[in-house]
Amino acid sequence: MSKLIFEKGVKGSNSFSLPEAGLAQPDINQTLPPIFLRHQAPDLPQISEVEAVRHYTELSQRAYGVDNGFYPLGSCTMKYSPKINEWAARIPGLAALHPYQAPETIQGALQLYYEMQEILAEITGMDGFTLQPAAGAHGEMVGVMIIKAYHLNNGDKARTKMMVPDSAHGTNPATANMIGFDVIEVKSNPRGLVDLDDLKSKMNEEVAGLMLTNPNTLGLFEEEIEDIAAIVHEAGGLLYYDGANLNGVVGVARPGDMGFDLVHVNLHKTFSTPHGGGGPGSGPVGVKAHLLPFLPIPLVVKKEEQYTFDYDRPLSIGKAKNFYGNFGVIVKAYAYIKALGGEGLKDACQNAVLNANYMRHQLREDYNIPLDRLCKHEFIINSKKQADPHGISTMDIAKRLIDYGYHPPTVYFPLIISEAMMIEPTETESKERMDDFIAAMKSIAKEAKETPELLLGAPHNAVIRRVDEVKAARKPVVKWEAP
Amino acid sequence: MNVPKKLLYTKEHEWIKVNGDRGHVGITDYAQHHLGDIVFVELPELDEEVAQGESMGVIESVKAVATLFSPVSGRILEVNEELEEAPELLNEDPYGNWIAIVEITEQSELDDLISADEYKSYCETLE
Amino acid sequence: MKYTPNPPWVAQDMLNSMGLNSLDDLFDDIKDDLKLKKGLNLPPAMGEMELRRYMKDLAARNISTEEYPCFLGAGAYDRYIPAAVEQLLLRSEFYTAYTPYQPEISQGILQSIFEYQTMICKLTGMDVSNASMYDGGSALAEACNLACNSGKGRRKIIIPDTVHPEYLKILQAYSLSGRMEVLVVPGREGAADIDAMIAEIDDQTAAAVIQQPNFFGVLENGERLERAVHANKGLFIMAVEPVSLAVLKSPGEWGADIAVGEGQPLGCSLSLGGPYLGFFAARRELMRKLPGRIVGETTDLDGKRSYVLTLQAREQHIRREKAGSNICSNEALCALAAGMYLAFVGEEGLKEIALRSHQLALYAEEQAKSAGLELKYQQPYFMEFAVKMSDPAAANRKLLANGIIGGYQLEDALLLAFTEKRSRDEIDRLFAVLGGKVDE
């Protein structure tokens with residue numbers, strides 16, 4: 001069992017110190033009124049440097065990243081994060097900049113920022129971008145705020161509803177609700193695409209917009225996207241592009257050309273910045289010209305070859321985050337796009353789609369594929385063929401993959417496919433690597449019939465076995481208490 | 001699936017046991033089974049006025065969440081505080097453990113509820 | 001550069017195995033008129049050496065806080081980051097991992113978050129912490145959102161204008177929801193006008209907020225405000241600075257219900273404003289309303305202590321439109337950095353850092369006065385204060401010309417911050433320039 005950092009070290013083992021100040025140390029009890037002072041010490045760890053280094057090294061050995069192996073986590077685009085980008089974000093001339101430095105002292109950074117606004121506009125077919133949102137869901141929030149501000153500015157106060165497909169990520173309805181919209185769910189048709197009749201029947205002058213992921217969460221391109229756009233626009237709504245799946249079309253087609261009014265992109269998906277164990281991400285938002293006035297402040301503008309901040313935007317929604325966004329993440333994505341260029345982005349997209357379709361073909365014999373046709377960057381299988389007679393679930397297959405050395409795909413999403421397992425190989429995986437994974441999946445399918453206990457009890461060789469989630473949620477222990 | 005005869009049901013999977021103007025409200029066996037291990041119950045507040053079909057609480061399991069809709073309009077007379085510490089009681093005995101007692105103000109609303117047989121056939125259509 | 005490992009002949013084999021001829025066939029489901037006719041209009045691709053040179057050139061056109069001493073604070077602080085933190089963050093098992101949804105192969109990350117949550121609770125004196133938010137400003141907005149969600153229709157947020165102006169801007173944007181009414185109460189002498197705030201408290205009040213130290217570096221006395229808002233069944237929310245909590249009264253000790261703040265000073269580089277981390281902690285009663293991810297302790301099938309994401313029924317992927325917050329990705333790697341930072345500086349180190357900052361600020365006040373300058377507010381401060389200046393922009397330009405990154409420009413003052421990285425010499429030089437003892 002691994003000890004917590006609080007269970008290691010003894011009082012006085014830490015050796016951190018500051019240089020001499022060359023000043024007398026005042027007594028804080030004299031310099032500040034007692035009402036402002038802390039009574040109970042925080043009781044932080046007291047551990048030597050070497051032991052703390054070992055502690056975190058050991059923790060890292062019980063984590064699994066893309067650098068450890070194949071990570072086909074559908075909807076998350078776990079592609080390789082190039083090392084040069086990590087280096088770039090840590091150059092002191094980019095990493096050690098205070099956000100309130102005068103623009104003349106950060107011209108290189110502002111040029112990067114400005115160019116990134118322009119680059120993302122070109123990639124998505126939009127007219128302007130904010131790089132402020134810190135994550136995909138945060139981008140959605142900024143987007144939905146813009147939709148609200150746009151309608152309010154038109155005096156259109158009756159638009160209180162937001163549409164989302166039943167296959168949408170949970171962030172879509174949650175975002176719409178957070179900005180005060182009632183959510184209307186649009187059904188998917190048997191082909192896994194937006195049901196146009198359902199959309200038409202629910203569309204009216206109370207609808208502010210439709211939030212759509214394309215390719216959708218089933219990995220399928222919304223073939224009738226132009227009709228969808230027309231239905232939404234005719235009713236006075238706006239069409240929002242959730243860029244979670246941009247990797248399936250980047251360099252090949254652009255949301256701006258499909259009729260979308262605004263988009264967010266996930267730099268930590270499509271543009272290779274690492275996921276960091278859950279963040280930081282970056283979720284820039286792009287808009288067509290009619291929505292430019294509502295973008296958050298500030299934007300970076302170029303005036304007479306000098307870059308500066310533009311705060312003078314009276315219709316702006318304000319701010320969603322301090323300062324200008326996750327600049328360090330933006331640097332990495334910028335370096336990635338610089339390395340690839342337009343052709344490289346298209347090549348990445350083509351290979352992502354090639355890999356997904358290749359795996360779909362290879363797995364169809366052994367696994368049920370509910371919508372088995374040309375997909376984009378990801379596809380869905382489920383455990384229907386494995387369910388009988390031993391009651392094997394998708395979760396069992398996922399856990400068994402851990403024994404084979406893989407991070408499992410996304411499971412139980414989207415909600416409209418029962419027992420879904422969503423596989424997204426990304427373009428940075430070789431055929432060799434995928435063939436290994438496919439062999440593992442075939443072997444697991446065989447085990448499901450012959451030795452089901454191997455699945456039901458999986459994982460067998462991870463650092464722990466399956467955990468008691470019920471206990472964790474019924475009697476939550478969310479911090480360490482001294483015994 | 002257990003569906004006691006003497007109770008009235010909603011299509012949202014609540015039951016109510018009527019005793020004059022008092023109704024014990026809970027969730028059905030079908031509901032607890034489909035939610036899985038229940039980890040938390042958000043109870044209504046005492047004296048709160050609830051309307052038929054409106055939210056009066058929330059039931060959470062590890063991977064799902066369900067709104068508890070009030071089968072009738074009325075005022076909350078009692079809540080089952082035992083569930084705060086032991087939400088698993090709803091899994092163990094969904095009909096033996098009520099969630100709240102409602103003072104029924106509109107007796108006619110009981111006509112909107114369905115019988116055990118109707119509820120049972122309804123559940124069969126969901127399978 | 002390309003990071004696609006399959007050479008064209010392998011790709012062709014794969015296509016053939018599916019009965020396809022070309023990569024274009026993979027996009028038959030997209031109508032031709034929707035496809036880009038010519039490629040994206042982007043600059044040509046660069047090789048790694050070229051890219052390295054190019055990025056270096058961009059960086060060289062900035063003046064970094066490694067080159068010039070920096071007296072800017074105002075919500076982001078130039079603090080020392082131990083080398084061990086920088087090194088360990090480069091372990092790619094951490095930074096190339098996804099959110100730990102599969103606990104069996106994510107115990108390292110889950111445990112690090114559990115430790116982070118514990119440290120945040122210890123610092124803030126609260127019972128529960130989430131796994132992080134985007135930053136201090138959005139964390140405060142989420143706290144106010146929580147207060148309105150759990151306040152049975154209460155929607156008024158009472159907040160002084162001594163809170164960071166960007167936090168107020170963020171709050172304004174979040175209040176587009178129509179569920180939050182933000183009442184900004186003007187401060188007095190650089191501190192919150194507690195009487196005026198108390199006068200606004202009513203049965204519609206979801207929460208009262210203060211920032212400690214406030215935007216101007218001034219310490220707020222929230223004692224009466226806490227009593228008044230609790231007497232009216234509203235929540236008391238504090239936005240705090242984490243390093244100062246080594247010595248300043250914790251939100252728990254002030255009686256706060258929710259403590260949020262900007263975690264950047266705990267081991268995150270300045271990075272032109274991000275990525276930083278918002279921390280978010282609360283009293284136990286609010287645990288099931290918290291936004292964001294939470295890690296809990298449990299056991300595995302063999303009874304072994306283990307960690308798992310818990311209370312997930314709060315979150316968007318389960319609760320969808322009924323979720324209290326939409327947050328999904330957070331700032332996990334920054335939270336990891338914060339946990340490491342606190343481990344490497346330790347209990348005593350953090351106190352030393354906090355006291356040094358305070359000490360330098362006191363010294364700076366003396367030097368300011370000797371240079372004939374005056375503090376804008378006569379209030380207790382911790383490590384940051386405003387110095388009156390008729391033309392703050394000109395003062396900053398003069399400082400820059402003398403190799404110093406000056407302060408945050410207020411209308412008639414410069415807001416100056418003194419972290420442990422500043423030295424006596426640097427402060428002497430600062431006031432020599434500001435006091436006119438150094439020529440242009």
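**Terms and values**

Modeller: Chain B contains 4 helices and 9 strands, where helices (H or I, at least four residues) and strands (E, at least two) are DSSP runs, numbered from the N terminus. This is a predicted model, in which local features need pLDDT of at least 70 and side-chain atom pairs count only at pLDDT 80 or more, while totals for chains, interfaces and linings use all residues. Residues are numbered from 1 along each chain as its sequence is written, and chains are lettered from A and ligands numbered from 1 in the order in which they are written.

Biologist: In what order do the elements of chain B run?

Modeller: Starting at the N terminus, the order in chain B is β-β-β-α-β-β-β-β-β-α-α-β-α.

Biologist: How do you know that the radius of gyration of chain B agrees with a compact globule?

Modeller: The radius of gyration is taken over C-alpha atoms, and the globule rule is 2.2 Å times the number of residues to the power 0.38. For 127 residues a compact globule would come near 14 Å, and chain B has 13 Å, so the value agrees. Along the principal axes, the C-alpha atoms of chain B fill a box of roughly 35 × 35 × 20 Å.

Biologist: What makes His13(B) buried or exposed?

Modeller: A residue is buried if 20 or more other C-beta atoms lie within 10 Å of its own, exposed if 12 or fewer, and partly exposed in between, with C-beta atoms placed from the backbone. His13(B) has 25 other C-beta atoms within 10 Å, and is therefore buried. His13(B), in the loop between strand E1 (8–9) and strand E2 (14–19) of chain B, also has a positive phi, near 75°, although the residue is not a glycine. Of the 127 residues of chain B, 40% count as buried.

Biologist: And why is Glu304(A) called buried or exposed?

Modeller: Glu304(A) has 5 other C-beta atoms within 10 Å, so by that count Glu304(A) is exposed. Glu304(A) is placed in the loop between strand E8 (299–303) and strand E9 (306–310) of chain A, and its phi is positive, about 50°, in a residue that is not a glycine.

Biologist: What makes H6(C) parallel, perpendicular or oblique to H7(C)?

Modeller: Two packed helices are described by the angle between their axes and the distance between the axes. Helix H6 (residues 136–149) of chain C packs against helix H7 (residues 165–174) of chain C at an angle of about 45°, with the axes 9 Å apart. H6(C) is therefore oblique to H7(C), since angles under 35 degrees count as roughly parallel, over 145 as roughly antiparallel, 65 to 115 as roughly perpendicular and the rest as oblique. The axes are lines fitted to C-alpha atoms, for helices over the stretch in contact, and angles run from 0 to 180 degrees between N-to-C directions.

Biologist: Which residues of H6(C) and H7(C) meet?

Modeller: Among them, Leu140(C), Ala141(C) and Cys144(C) in H6(C) meet residues of H7(C) including Tyr167(C), Ile170(C) and Leu171(C), where contact requires C-beta atoms, placed from the backbone, to lie within 7 Å.

Biologist: How many residues of chain A are in contact with chain C?

Modeller: In chain A, 169 residues are in contact with 171 residues of chain C. Helix H11 (residues 327–363) of chain A gives the most to that side of chain A, with 23 residues.

Technical notes:
Two residues are in contact if their C-beta atoms, placed from the backbone, lie within 7 Å.
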